[in-house]
Amino acid sequence: MPIHDLGYRGWHEQLASPWTRWVVIARAGIRRAWQSTWLKRMMFFAWLPAIWFAAGFLIWEQSLLEPDMRDALQVFLPDSPAFEGLTERVNIDDEVVARHSVWSWLLYAFLRYPQGGIMVLMVGIIAPPLISQDVRSRAFLLYFSRPLARWQYALGKLATVWFYLLTISAAPALVLYFLGVLLSPSADVVFDTWDLPLRIVAASAVLMIPTASLALSMSSLTQESRYAGFAWFAVWILGWFTYAVMIGVEIEQRRNSLASEIYEKWAPVSLYHTLGQVQGWVFGFATFEQIKYPAATLAAITVFSTIILFRRISAPLRA
């Protein structure tokens, strides 16, 4: 008898459900990304800003007992035309409205400013090699020799990025919210702010869906992950500087115009500011009329990037 029987063998085990096969792809991507030392350091620094914003919740809740402490909240309130009515809402006698406004601002500022910047760096580490390395190593031959559909592969790669984005957006924001509940003198605060956890999830989705789709579409377009990484950072950096230059030029030319109108006009050229405007609407700091063009921009980016992603995934199979 031969020592090794190299013939075909029957498979007698049970196949996983088609709806859960993407989990295998996601689990492998999460483990592989976690091997990066820079990612671990970034995850640590991503939670540090939560300490600063937790102080904001503490100061606000203490100011309900000692009104003199309310002046300290000015450190956390924005100096922007888009939030002209926020200070008035904070200082009114209606405690429910004031608390909802302050909590909404703290959560929105946390998701937009520190976490928005960390998101750009984190996705720039995780996403570029996810598909480009599969293309270069021809891992597609291994993946699609199994009963695996294109959407399952794509969803697994997207879920890898979404997992890490959730850990720096929704997870710490929800911790901040529940910390605010614990600091409150009454349990009625839950009924006053019941919608904020839903807004946190929605704002995190606004952050996660278009960015992950865009990053993975770039990764699928090249076999070299460094090119995908360069393209990713170029989109954010060039968009930011274009926005800053155009805002400065137009404010200089139109001194009598409302600054908020100028900001809204040029926000679509910068993906960072586009995300911020739509997240502001989620937390109630803008009307839909003000964010309809940024929202359309994010929807177009998501759809266009997803189409590219699926076409690139299908290319090796057609060959």
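Analyst: Rings of Phe, Tyr and Trp (its six-membered ring) pair if their centres lie within 6.5 Å; planes under 30 degrees apart are stacked, over 60 edge-to-face, the rest tilted. By that rule the structure holds 15 aromatic pairs. This is a predicted model: local features need pLDDT of at least 70, side-chain atom pairs pLDDT 80 or more, while totals for chains, interfaces and linings use all residues. Residues are numbered from 1 along each chain as its sequence is written, and side-chain values use heavy atoms, without hydrogens and water.

User: What makes Phe53 and Phe110 an edge-to-face pair?

Analyst: Their centres are 5.6 Å apart, with 75° between the planes. The limits are within 6.5 Å and over 60 degrees, so the label holds.

User: Why is the pair of Trp103 and Tyr177 said to tie together parts apart in sequence?

Analyst: Trp103 lies in helix H5 and Tyr177 in helix H10 (residues 170–183), so the linked parts are 74 residues apart in sequence. Helices here are DSSP runs (H or I, at least four residues), numbered from the N terminus.

User: What makes Arg41 count as lying over the face of Trp38?

Analyst: Arg41 is 5.0 Å from the ring centre. A charge sits over a ring if NZ of Lys or CZ of Arg is within 6 Å of the centre and within 35 degrees of the ring normal.

User: Why is H6 called largely enclosed?

Analyst: 10 of its 13 residues are buried, so the rest of the structure largely encloses H6. Buried means under 20% relative accessible area (1.4 Å probe, protein chains only). Among them are Gly116 and Met119.

Terms used. Buried means under 20% relative accessible area, exposed over 50%, partly exposed in between (1.4 Å probe, protein chains only). Helices (H or I, at least four residues) and strands (E, at least two) are DSSP runs, numbered from the N terminus.
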